[in-house]
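Subject: The structure we talked about, with notes

Dear colleague,

Please find the structure below, followed by my notes on what turned up in it.

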Amino acid sequence: MTNSSTGKYLFTGGYVATVDDSLGEFACGAVLVEDGVITAIGSADELAVSDAEVIDTNGGVVIPGFVDTHRHTSLSLFRGIAADQSLVRFLPNCYMRWLPAVDAEGIHAASLVGALEALESGVTTLLDCVEAPSSREHAEANLQALKDSGIRAFYCYGMSDHAYGESSDGLPGWKARLAHLDDMYRLLNDHHLVRVGLETSHPGLVPFDQTEREIRFAQEREMLCCSHTAPFMNTNLHNGVQELADRGLLLPGHVHIHCTSLNHHEMELLARSGGKISIATETEMQMGMGIPPIRACIEHGIKPTLSVDTTSIVAPDYLSQMRLALQLQRFLDHDKAHASRKAPITLDLGVRDALTWATRNGADAVGMADRIGTLTPGKRADIVFISSKRFLSTSAFPLGTAILHSTPADVDTVMVDGVIRKRHGQLVGYDLDSIRATASAALQRVMANLPNFRPEMTEKELGDFLLNVKRLTRTNLAGAYQTR
């Protein structure tokens, strides 16, 4: 990646949606950027400077950069491999076959590809869930890839008690992971774009006192902390919300991913705690996780945020996730009206809501609402320009066209912290041919290595696996109530 320096830029001539309620929108607006900071916003005819590089946004839309609150970049080599898999089948494949077959060089390639795919569709901030790396080398390769990409990112190291390098399964592997996470946190505290966070062990899969230590570890260091929470319907797997609440471990700012099977009471607990929720609409629909909880979030006063999850299933295109989330919730709202024998007259949710979920809400979820998420003077310049040049006619509602009609091909310009990472529809500053060749070679090595790991489980093996995990979960969550 070539390091481009920040400078002075003027986005001018297009529709500007600031997502800042105090500023609103400009039909023909302009945004001035100086040294990585947004310094002025207004009408194009009132905001003109002579010494800035002009980015002509005529006919298009200028918006804040998207914030993806949950993506697994380490799985990016496995594009489409789980296209027809449920969550129950996906998880053992992921942890027992696919990821263990990837070497550290392959993890770097995968994570770099994942970050660049995010930038391609307008994501400027990424919460990367780094799923249980198998060694220090694997973990550091993922972290280095995020730094190499130029994206703003939270590297949320995934805890577990699997073996770690030469440390065995169980407590030794868990301790080795936590110690390495502490090393990476201390060594990266001066990086201005990538921060180290923690993804807890999946709730219930390790003894409860280890889950508590993970959460306290993050709290003590003021690290972003996240977990995959309650993605299984009709079971308590990966839940533990009540147990965490009873032990005072539901903390403000914790990002809970999925939350599809939480009941009303558990959603209330998250809301009262100041927790955040990340929704991955498409994977939740495909994998049998239940209904994405957009309406449940709104009803409980939780700001919905959106994520791609994994390109081993869905496209890396963040815009499509925005569109799907909005249209699915509209369908569900209409269905409720239809059940009452009524014809829907108005739409409660609009494209501005989807844009808010993707920008301002996401920035709030990762603790950066004061720096990114809106186009506001004084904030960092994370900016996206979506062009309409591909279309054969102009738009009667530019923002609606940008949200509902656009693809990554229409994302003309992406700026992260004042540095242009995509321009004229092309990623800039990267040797893309070399990256493609490296990723292709890595995938070939992985596929050749797969036979060395256990084959896919049979239906009976999957049933037994699920039953055993349920037993383990009940045992570990009960530890929340052991006398100390």
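Ser320 counts as buried because its relative accessibility is 18%, where buried means under 20% relative accessible area, exposed means over 50%, and partly exposed lies in between, with a 1.4 Å probe and protein chains only. The C-alpha atom of Ser320 is separated by 9.0 Å from that of Val308, which is twelve residues away along the chain.

Before going further, please keep in mind that this is a predicted model, in which local features need pLDDT of at least 70 and side-chain atom pairs count only at pLDDT 80 or more, while totals for chains, interfaces and linings use all residues. Residues are numbered from 1 along each chain as its sequence is written, and side-chain values use heavy atoms, with hydrogens and water left out.

Two backbone angles deserve a look. Most residues other than glycine have a negative phi. Ala132, however, has a positive phi, near 35°, and this residue sits in the loop between strand S7 (123–130) and helix H3 (136–149), where it counts as buried at 16% relative accessibility. Arg341 also has a positive phi, near 60°, and lies in the loop between H10 and helix H11 (351–358), but Arg341 is exposed, with a relative accessible area of 81%.

Next come the two domains. The domain assignment, which is automatic or comes from a database, gives domain 1 as 8–64 + 380–427 and domain 2 as 66–361. Their C-alpha centres lie 29 Å apart, and the contact between them, meaning heavy atoms within 4.5 Å, takes 30 residues from domain 1 and 28 residues from domain 2. Together they bury about 2,300 Å², with 65% of it on carbon and sulfur atoms; buried area is the accessible area (1.4 Å probe) that two parts lose on being put together, summed over both. Of the area that domain 1 buries against domain 2, Val19, Ile403 and Leu404 supply 26%, more than any other three residues.

Which charged side chains meet in a salt bridge of 2.7 Å, N to O? They are those of Arg352 and Glu25, and the term salt bridge stands for a side-chain nitrogen of Lys or Arg within 4 Å of a carboxyl oxygen of Asp or Glu. Across the interface of domain 1 and domain 2 the rule finds five salt bridges, as well as nine residue pairs in polar contact, both residues being at pLDDT 80 or more. A polar contact is a pair of N or O atoms within 3.5 Å; within protein, one must be able to donate a hydrogen and the other to accept it, and residues adjacent in sequence count only if both atoms are side-chain atoms.

The count of salt bridges by this rule comes to 30. One of them joins the side chains of Lys422 and Glu120 at 3.3 Å, N to O; since Lys422 lies in strand S16 and Glu120 in helix H2 (residues 104–120), the pair ties together parts that are 302 residues apart in sequence. Lys422 is buried, with a relative accessible area of 0%, whereas Glu120 counts as partly exposed at 26%.

Asp348 forms a salt bridge with Arg295, and their closest N and O atoms are 3.1 Å apart. Asp348 lies in the loop between H10 and H11 and Arg295 in helix H9 (residues 294–299), so this pair ties together parts that are 53 residues apart in sequence. Here Asp348 counts as exposed at 57% relative accessibility, while Arg295 counts as buried at 19%.

Key. Helix = DSSP H or I, 4+ residues; strand = E, 2+ residues; numbered from the N terminus.
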